[in-house]
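Colleague: I am new to this structure. Could you walk me through how to read it?

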Amino acid sequence: GVVLEDGTEVAASAVVLAAGTGVPHLDGLPDEVRLPVRPVKGEILRLQGDPSEGGLAMTVRATVQGQPVYLVPRVDGEVIVGATVQEAGYDTTVRAGAVLELLRAAVDLVPALGEAPLAEVAAGLRPATPDNAPLIGPTGVEGLHVVAGHYRNGVLLAPISAELVVSALGSGRLPEQAAAFSAGRFG
């Protein structure tokens, strides 16, 4: 079970840690469950668009001057431009150079984006492990499971990660095909 911030105790036969970059900082975890999850900053931009003008028709993934970039069009005409990768601890400030780098890449790929209003800049933290692969399944504490450390692929891997955790909750172990993602692989 767990103890909530207000002291309320919630009994459970199993608990799944899915706290992203917060996993290493959860109070009350035994030392053997201090999982090596670190934050990796990613900055993104949101450009306004006009859906009546057609805009970008599909997601674009490219490398511009050696840097990977993606452009994701939205139904309302907006375009998401992402994303940087920076080892910066828990810093979520947006760097001017990152904005410049992302805008330059976006305009190089789709010159018309140079006229788009800049609607938002943001930075988030991706949970990563030392090998940048996720941690999934049982920990060294009976009934305590983890699903964390998906780095840049959290949204993409969420469905299969959920299936693996559900399987581990039922059997007490991770399916063999997912053994490389075992929570115990870092000792």
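Colleague: Let me start with one pair. Which residue in β6 does T63 stand opposite?

Modeller: T63 stands opposite P68. Keep in mind that this is a predicted model. As for the general idea, strands of a sheet pair through backbone hydrogen bonds, either parallel or antiparallel. Here β5, residues 60–64, and β6, residues 67–73, run antiparallel. They are joined by 5 bridges.

Colleague: What do β5 and β6 form, and how many residues lie between them?

Modeller: They form a hairpin, with 2 residues between the strands. Look at Q65 in the turn: its phi is positive, about 50 degrees.

Colleague: How many bridges join β4 to β7?

Modeller: There are 4, and the two strands run antiparallel.

Colleague: How should I think about side chains along a strand?

Modeller: In a regular strand the side chains alternate between the two faces of the sheet. Now look at what lies across this one.

Colleague: How many residues does α1 have, and how far does it reach?

Modeller: α1 covers residues 96–109, which is 14 residues. From first C-alpha to last it reaches 20 Å. That is close to the 20 Å expected at 1.5 Å a residue.

Colleague: Which residues of α1 are buried?

Modeller: Buried means under 20% relative accessible area. In α1 that applies to A98, V99, L102, A105 and A106. Now look down the axis of α1. The buried residues fall within an arc of 140 degrees, so they line one face of the helix.

Colleague: What covers those buried residues?

Modeller: The cover includes β4 (38–47), β5, β6, β7 (79–82) and β8 (118–128).

Colleague: There is a second sheet. What is its strand order?

Modeller: The order is β3-β10-β9. These 3 strands form an open sheet with mixed pairing. The edge strands are β3, residues 15–17, and β9, and each pairs on one side only. Direction ignored, neighbouring strands of this sheet are turned by 20 degrees against each other on average.

Colleague: Do β3 and β10 run parallel or antiparallel?

Modeller: They run parallel, joined by 3 bridges. For a landmark, V16 stands opposite H145 in β10.

Colleague: Next, the backbone. Where is the cis peptide bond?

Modeller: Check omega. The cis bond joins G82 and A83, with omega about -20 degrees. A83 sits in the loop between β7 and α1.

Colleague: What is the phi of N132?

Modeller: It is positive, about 60 degrees, although N132 is not a glycine. The residue is in the loop between β8 and β9 (135–138).

Colleague: Why does N132 count as partly exposed?

Modeller: The partly exposed class lies between the buried limit of 20% and the exposed limit of 50%. N132 has 34% relative accessibility, so it counts as partly exposed.

Colleague: And Y151: is it buried or exposed?

Modeller: Y151 is at 18% relative accessibility, so it counts as buried. It also has a positive phi, near 55 degrees, and is a residue other than glycine. Find it in the loop between β10 (144–148) and α2 (154–171).

Colleague: Let us zoom out. How many helices and strands does the chain have?

Modeller: It has 2 helices and 10 strands. From the N terminus on, they run β-β-β-β-β-β-β-α-β-β-β-α.

Colleague: What does the C-alpha trace span?

Modeller: Along its principal axes it spans about 55 × 30 × 30 Å. Of the 187 residues, 33% count as buried. The chain exposes about 10600 Å², with carbon and sulfur atoms supplying 55% of it.

Technical notes:
Residues are numbered from 1 along each chain as its sequence is written. This is a predicted model: local features need pLDDT of at least 70, side-chain atom pairs count only at pLDDT 80 or more; totals for chains, interfaces and linings use all residues. Side-chain values use heavy atoms; hydrogens and water are left out. Two strands pair if DSSP finds at least two bridges between them. The expected span of a helix is 1.5 Å times one less than its number of residues. Buried means under 20% relative accessible area, exposed over 50%, partly exposed in between (1.4 Å probe, protein chains only). The arc is that of the directions from the helix axis to the C-beta atoms. Contact means heavy atoms within 4.5 Å. Axes are lines fitted to C-alpha atoms, for helices over the stretch in contact, and angles run from 0 to 180 degrees between N-to-C directions. Accessible areas come from the Shrake-Rupley method with a 1.4 Å probe; for residues, only the protein chains shown count as cover.
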